[in-house]
Every structure is written in C-alpha cells, then in structure tokens.
Amino acid sequence: MGALAYITALNQALHDEMARDDRVCVFGEDVRIGLTQTTKGLHERFGDGRVVDTPLSEQAFTSLATGAAMAGQRPVVEYQIPSLLYLVFEQIANQAHKFSLMTGGQVEVPVTYLVPGSGSRSGMAGQHSDHPYSLFAHVGIKTVLPATASDAYGLLLSALRDPDPVAVFAPSALMGTVEEVTGELGPVPLGSARIHRAGEDVTVVATGQCVHTALAVAEAMAGEASIEVVDPRTIYPVDWETIRASAGKTGRLVVIDDANRMSGFAGEVLATAAEQFDLVAPPRRVTRPDGAVIPYALVLDQALLPNGDQLTDAIRAVLK
C-alpha cells in the first residue's frame, strides 16, 4: 500500500466504515470542518444528518450518543482534549457501559469514544496532557491505544463494529508519524497484541508512542542484549497470552507506559507478572511519576515523560 500517516489512517477508517454502514454517525465540536483532521471530508461526503457539530457541552453530546446507540445507531464521539473525558466519565462508565448488563442484553450501546490528541505533546501543559486510559480499563470499558498507522486503522474499524462502548486513544505524539504498509488494511481484533521486534533476552511491553521509544532503544542496545518489543494495542482487554509467552521466553520484563505510575497499566502488567509469570529478575516499569501534572515549561515537560534513557537503565537493571 505504501506510506500511511497515522492521522490519515484514522480518517480513512471513518470514511470506509461510514460508507459501509449507514448507521455510523459522528458527534463532536467542529467535526464538520475536521478541526483535528480525523473527521476531514466526512461532512461533505455524508451530510448534515450523519456528521453533527454539537454545542460546547461534552455531557450533552455524550449522552446524546448513548441514546442514539440505544435507538440503533452507531455513533462516534470525538473529544478534542483528553481531559474532557473527566467531564463525561459518569455518562460513559455508569450509563453507556452498564446498560447492556442492566437490561439483560436487550439493549446494546455501540458507541466509539475517539480521542485524537491524547497524551502529551510538548507545550500542551497541565490540562491538555493527561492520558487517562487506565480509568476506562479499570471499569471494564474496551480501551484501544494504537501505536502505528495500520493499527490505528484496524483497531478503529473494530471499535466501530463492536457491540459495546469502546474508547480509542490516539496519542498526539503519533499524529504526524508515517508507516510503510504492505498489503491491504483491515480490522485488527480487540485484545490482540503485536510483537514489533523479536528478541531473546528481555521483553519490553510498550504502549502507544512508547512503542517507538522501545524500538529505538532495542536497536541501540542490539550489541548488548536481544530485546523483544510487545505492543498490547488494547489496554483492555489485554492479550495476556502473548505477553506471558514472551516473558516466559526471555525471563525478564520491563514495561514502558506514558501514563501516571499509580494504578496505571504498567503496574497491572507487573502485578500479573508477579502472580503468574516465571521470571529470573524482578520486573521494572518506566512511567510518568505518581500524580504527574505536566507543566508548560518544556524542560520540565520532557523531564516528567518516560524516555529512552530511563528505559535503557531499566533494561540493564533486569539484565544484571
């Protein structure tokens, strides 16, 4: 297929699925003009009834999407800033997520919550830099974090077709990245990990943009250790079988995750490893600090985010 940009992949998935299924519709602020580029061209192609610019009230249009889904539509809700998810966590976690169970399966709520611009990009400061995907995984909402363009396309396609609510986090740091794609694009099953690089000595589980950090470190340390890089792709459900098999082969585990340390995804992987995996060294994690609030100052911004030097140190620690 050739070069595919991450942001283009998200946009293409929406175009393709809206053409295939006329129940798919989009709600959000400035989605008709495609402010984030994710929804670019949808309004011109599919019209007012399926691409709806909403008032500046996340609580209102999130609840609107829940009702539309219960009535048979398949809405996509776009949030321009990840911190806005805090405003609507009740509507998602306590309403949309629970209606199917509470109605004995009589009602499905197939909503896709799309966050193009999650996580930190230099200068985004305290209220625009959070990566709250662990909150959604904690309550059992299907949660997606693609690291590459082909996975962005395939995972979003699967989210759009899923019968349950799915949160799709697309990190700011990846929006401009490009992947050389061979073959045809298609759905990527939720709950399936991807091994980006095979190795024998250490397993590195990396999420989102940290996958690219892990691959760079693995290449730089190739003369020192053989490092396997595993991308979970979905934060919930987790493909434990792939992670367990990789860690069982290498006997050593490091997790790098661009989210806060306390109660984060990295901690869950380490806890599961301690309970179930046969490791030869204590596992390590590289994350943001506990309670991290990203400052506007660029030097401090970069100091708080997980990086290659920290990952290198963690890998060397488990190799000792």
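Trainee: What volume does the largest pocket have?
Mentor: About 500 Å³ in this predicted model. A pocket is an open set of points on a 1 Å grid over the protein atoms alone, where a 1.4 Å probe fits, with protein on both sides within 12 Å along at least five of seven lines. Its volume is the space filled by probe spheres set on the points, which are joined across faces, edges and corners.

Trainee: Before I go on, what should I know about the numbers?
Mentor: Residues are numbered from 1 along each chain as its sequence is written, and side-chain values use heavy atoms, with hydrogens and water left out. As this is a predicted model, local features need pLDDT of at least 70 and side-chain atom pairs count only at pLDDT 80 or more, while totals for chains, interfaces and linings use all residues.

Trainee: Okay, α10. Which of its residues are buried?
Mentor: Phe265, Ala266, Val269, Leu270, Thr272 and Ala273. Buried means under 20% relative accessible area, exposed over 50%, partly exposed in between (1.4 Å probe, protein chains only).

Trainee: Where do they sit around the axis of α10?
Mentor: On the same side of α10, because they cover an arc of only 165°. The arc is that of the directions from the helix axis to the C-beta atoms.

Trainee: What's on the face turned away?
Mentor: The exposed residues Ala274 and Glu275.

Trainee: What do the buried residues of α10 pack against?
Mentor: Several elements, including α6, β10 and α9. Contact means heavy atoms within 4.5 Å.

Trainee: New topic. How many disulfides are there?
Mentor: Zero, from a search of the whole structure. A disulfide is a pair of cysteine sulfur atoms within 2.5 Å.

Trainee: Is Cys25 buried or exposed?
Mentor: Cys25 is buried, at 5% relative accessible area. Cys210 is buried too, at 2%.

Trainee: Last one. Where does Pro282 lie?
Mentor: In the loop between α10 and β14. Pro282 is exposed, with a relative accessible area of 62%. Its C-alpha atom is separated by 9.0 Å from that of Ala317, 35 residues apart along the chain.

Note on methods
Helix = DSSP H or I, 4+ residues; strand = E, 2+ residues; numbered from the N terminus. 1 Å grid on protein atoms, 1.4 Å probe; cavity = no way out; pocket = protein on both sides within 12 Å on 5 of 7 lines; lining within 4 Å.
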